[in-house]
Amino acid sequence: MASKSESKEPVNEQVVANMYGAMRSELNQIYSKITELEMEVSEHSLVINAIQPLDPSRRCYRMIGGVLVERTIKEVLPAVQRNREGLEEVIARLNEALEKKKKEIADFEAKYKIRIKKSEGEVKDESSKKEGSAQGVLVGPASSSG
């Protein structure tokens with residue numbers, strides 16, 4: 001009976017927190033993959049801009065599967081452009097998946113009334129108390145030794 005309820009609804013706060021953490025982790029993975037692919041698109045654009053104005057019959061080298069091959073610019077340029085376009089399509093799909101995941105997380109947060117604690121104020125209060133007590137400790141020995 002408990003196993004049926006686990007598959008449909010989370011049993012306790014810890015399970016909900018674990019599910020939420022997993023969803024946030026997926027979101028971060030999508031963000032990092034998009035960033036990585038955007039860097040590759042940028043590199044492809046740099047290569048395209050560098051070789052486009054050159055003579056199409058000029059030799060150039062391209063890394064294919066870990067092997068450096070010699071080609072001409074007129075052979076390499078279209079391939080690099082196709083790769084860049086493919087990467088841009090993948091980024092667009094990942095952005096769609098990112099939006100779906102954000103919506104899923106927002107729905108999950110609303111369903112389970114999840115709030116992220118902004119503990120900056122608490123941290124500042126604790127750090128000021130620690131600094132105050134630390135100053136008292138430091139000032140005492142410094143004045144007695146001097």
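Which helix is included in what covers the buried residues of α2? The cover of these residues includes α3, residues 73-112, where contact stands for heavy atoms within 4.5 Å. Helices here are DSSP runs of H or I with at least four residues, numbered from the N terminus.

This is a predicted model, in which local features need pLDDT of at least 70 and side-chain atom pairs count only at pLDDT 80 or more, while totals for chains, interfaces and linings use all residues. Residues are numbered from 1 along each chain as its sequence is written, and side-chain values use heavy atoms, with hydrogens and water left out.

**Helix α2**

Helix α2 runs over residues 13-51, and its 39 residues should span 57 Å at 1.5 Å a residue, which agrees with the 57 Å between its end C-alpha atoms; the expected span is 1.5 Å times one less than the number of residues. At the N-terminal end, Asn 12 caps α2 through a side-chain oxygen that lies 3.2 Å from the backbone nitrogen of Gln 14, and a polar contact is a pair of N or O atoms within 3.5 Å. The buried residues of α2 include Val 16, Tyr 20, Met 23, Leu 27, His 44 and Ser 45, where buried means under 20% relative accessible area, exposed over 50%, and partly exposed in between, with a 1.4 Å probe and protein chains only.

**Aromatic rings**

The structure holds 2 aromatic pairs. Rings of Phe, Tyr and Trp (its six-membered ring) pair if their centres lie within 6.5 Å, and planes under 30 degrees apart count as stacked, over 60 as edge-to-face and the rest as tilted.

| Pair | Distance of centres | Angle of planes | Kind |
|---|---|---|---|
| Tyr 20 and Phe 108 | 6.3 Å | 10 degrees | stacked |
| Phe 108 and Tyr 112 | 4.8 Å | 55 degrees | tilted |

The pair of Tyr 20 in helix α2 and Phe 108 in helix α3 links distant parts of the chain, 88 residues apart, whereas Phe 108 and Tyr 112 are 4 residues apart in helix α3 and so separated by about one helical turn. Tyr 20 is buried, with a relative accessible area of 8%, and Phe 108 is buried at 9%, but Tyr 112 is partly exposed at 23%. Ring pairs link Tyr 20, Phe 108 and Tyr 112 into a cluster.

**An annotated span**

An unreviewed UniProt entry places the feature "coiled-coil region" at residues 77-111, although annotations of this kind may be inferred rather than shown by experiment. In the model, this span is 100% helix and 0% strand, and the end C-alpha atoms of residues 77-111 lie 51 Å apart.

How values were computed
Helix = DSSP H or I, 4+ residues; strand = E, 2+ residues; numbered from the N terminus. Polar contact = N/O pair within 3.5 Å; in protein donor to acceptor, adjacent residues only side chain to side chain.
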